[in-house]
Structures are given as structure tokens and as C-alpha cells.
Amino acid sequence: MSTLILSPVKRCVGGLVLAGLLASCGGGSEDPSQQLYVIKFPHVTAPGTPKGQTAARFEDLAEARFPGRVDVEVYPSSQLMNDDDSLEALAFGEIQMIAVALSKFDRLTQRFQIFDLPFLFPDLEAVERFQASTGGRGLLGDLVEEGFLGLAFWHNGMKQFGATRPLLQPDDANGLKFRIMESDVLQAQMIAIGGSPQKMAFGEIYQALQTGAVDAFENTWSNIYSSKFYEVQPYFMYTNHGYVGYLVAVNAQFWQSLPGDIREGLEEIMAEVTAWGNARAAAINEDSRLKIAASQRTEILTLSNDEILSWQNRMQPVWVRFSDEIGPELIEAARSASFMEVGN
Ligand code: LMR
């Protein structure tokens, strides 16, 4: 569990934004102790996913702690906007909190690309060790210049492949159109296996798979289950080849404008729900996998160690391609966290 609360942001996002922020967070001449502070928090996954459950818990605990003073409005399942729009809305103070996949920040910071390197992290525990390390925690501050305050990292789970045909060897993926998140590393990953990557919003996946606009994709069991992707994809490959996790960020000016007791209280609650949510993410994904298997609507294929090794070898050049952008020292920190013997 990693939470880092930064000092006040160096750069204002803009006068216009300040006016908007004061309006949204009830700034102005009223007595702060009588003011209602609204936190609009849109996200794209279903309520039952790790992110959905953790966001709802944050809402409940925040409103219980500050009745009449804090109103958290969580909008799951892309109800309010998709991730692309939420990044822009957060910068302009139209919303106050996001939990967007780390893969979607590469236009703002190249270092988050480390989380997309294929087969870097074998499981969530390895990600947790890296995110709790000095190098990992330092990433929370990468977006200060953009006016975003990184509060925490939330896990979803490990990524699996879905496709219209079995993918046991990398060559099996040749020519398939893969939906990917808006990530250059994931684009390179799919090209490395002979695929044709299509960047697409999360809310468009189901129809794209149903209509054949794309043939394949990658995601976590909890997303595959909760968004019913298993209904429109005949094969899934149990690869754990990558990771989906989130940066929880707030608009820095809004956050710094909150009364100290509210800001500190919300930061305590954020740390509490982060530990709570991250501790149950793996189990939520395993429960989703079992429900997908029980549905008998699709086939889940397990690959042999040799088959997994062939995917790792085919995707390895992606690490080299992005090493300079990410930083070799950060990659080394992630590798040592990944393969550290637990308990030493
Ligand atoms: C995706 O777009 O596949 C993911 O960002 C969805 C999620 O878990 O937020």
C-alpha cells in the first residue's frame, strides 16, 4: 500500500481553473466549517471490481466522517465520462478525483510505462513491493507539474488474453486486431507478437468484440467478468502477462484549498481504503475467473511453462525499446522487488 501526500503544487493550472475550483469546492467567503465540499469521482469499471468497491468504500467512509461537509459522488461504469475525458476534466477542476489505469498516463509521464512492461511483475505482491519501494513511491509525485496530486496506487489484477482463437504460441496471435489501452508500450507489445493494436476506450470493448471490430484484447478477470467480455470472446489464455493498476489522483489546487481537518481526514481514509482494497484485489479476480469458467460461455486455456517462456522471449525487446524512457534504474528496482525472496 502506497500513499504519498505532496507539498502544495508548484504551478497553478490557471486563473480560470481557480475560479472553477472555488465554485466546485465551496471556496469563497463562507465559513469553511459550514461549507459542503463536493468530490466528483468518475471511473470506468463496474461497481463489483476492485476499483469499484474501493471507490464506494472511500465515499462511504468520507461522508460518515464528515457528514454535511463532504459529498463524494462516485460515477462507475463510464456513466459520467471515459478515462481520457476524466484526465482533462481533473486538470480543469471540473471533477476532483480519478482512479485511472497507469497505462493511460504515458502522455504525461514516461515513467509510469514501467507498469506496462510485459512479464515484469509475476503477481500483485511483486507490484506491491515495488510500489512501496523508494522508486515506486516516488512515482506518485510525477504529475505535480500537471496539477495532479498522486494519493495512492490501487490494484486491479494481472492481465489475461482473450481472442477468437487459441493463443498458445506468440505466432498464434499473428494478424489479430488487439484492443489496447492508450499506451505506447502495449502498442509495441502487440506488434512484437504480430498483432495489430487498436487503442480504444474501455466502454467500447464489448461492442468491438461483438461486432468483430477487434479479434482480441487483454484485461483482468474482474473486468472480463463484470463487463461480460467472456460472452463475446470464445477463448481466454491464463497468462498473467501484465498488470492493471491505477493512480488515484486529485486536482492539486482543489485538495490544497480544503480545510486542513478535512484534507487530513480524507488522506487517512484514502490510506485505509487503499490497504482494504489492495488486500482483496487478487481474491476478487480469482472469484471472477471461477465464475467465468462456471458460465461455460467461453474456454479458459492454461499455458505450459515452455509456452509462457516463448511469450516472454518474444516480448522481451519491448523492455529494451522503452528502457531509456522509463529509466534503467527504475526497471532494476522493479525487477529486484519482483524477484525478492518474500520474508527476507
Ligand atoms: C482498460 O481500459 O482496459 C482499463 O483501464 C479498465 C480499468 O480497469 O480501469
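User: How many cavities of 30 Å³ or more are there?

Analyst: Rolling a probe the size of a water molecule over the atoms shows where empty space is left. A cavity is a set of points, on a 1 Å grid over the protein atoms alone, where a 1.4 Å probe fits but cannot get out. Here the count is two cavities of 30 Å³ or more. This is a predicted model, in which local features need pLDDT of at least 70, side-chain atom pairs count only at pLDDT 80 or more, and totals for chains, interfaces and linings use all residues. Residues are numbered from 1 along each chain as its sequence is written, and side-chain values use heavy atoms, with hydrogens and water left out.

User: What volume does the largest cavity have, and which residues are closest to its centre?

Analyst: A volume is the space filled by probe spheres set on the grid points, which are joined across faces, edges and corners. For the largest cavity that is about 120 Å³. Lining residues have an atom within 4 Å of a point; there are 16 of them, and M181, F202, N219, N223 and V244 are the closest to the centre.

User: Which residues line the second largest cavity?

Analyst: V44, N82, D83, D84, K104, E182, A201 and F202 form that lining, around about 30 Å³ of space.

User: What is the mean pLDDT of the chain?

Analyst: pLDDT is the predictor's confidence in each residue, from 0 to 100. Its mean over the protein chain is 92, and 90% of the residues reach 70 or more. Where pLDDT is low, the predicted coordinates should not be read in detail. Over residues 4-28, pLDDT stays under 50.

Conventions: 1 Å grid on protein atoms, 1.4 Å probe; cavity = no way out; pocket = protein on both sides within 12 Å on 5 of 7 lines; lining within 4 Å. Contact = heavy atoms within 4.5 Å.
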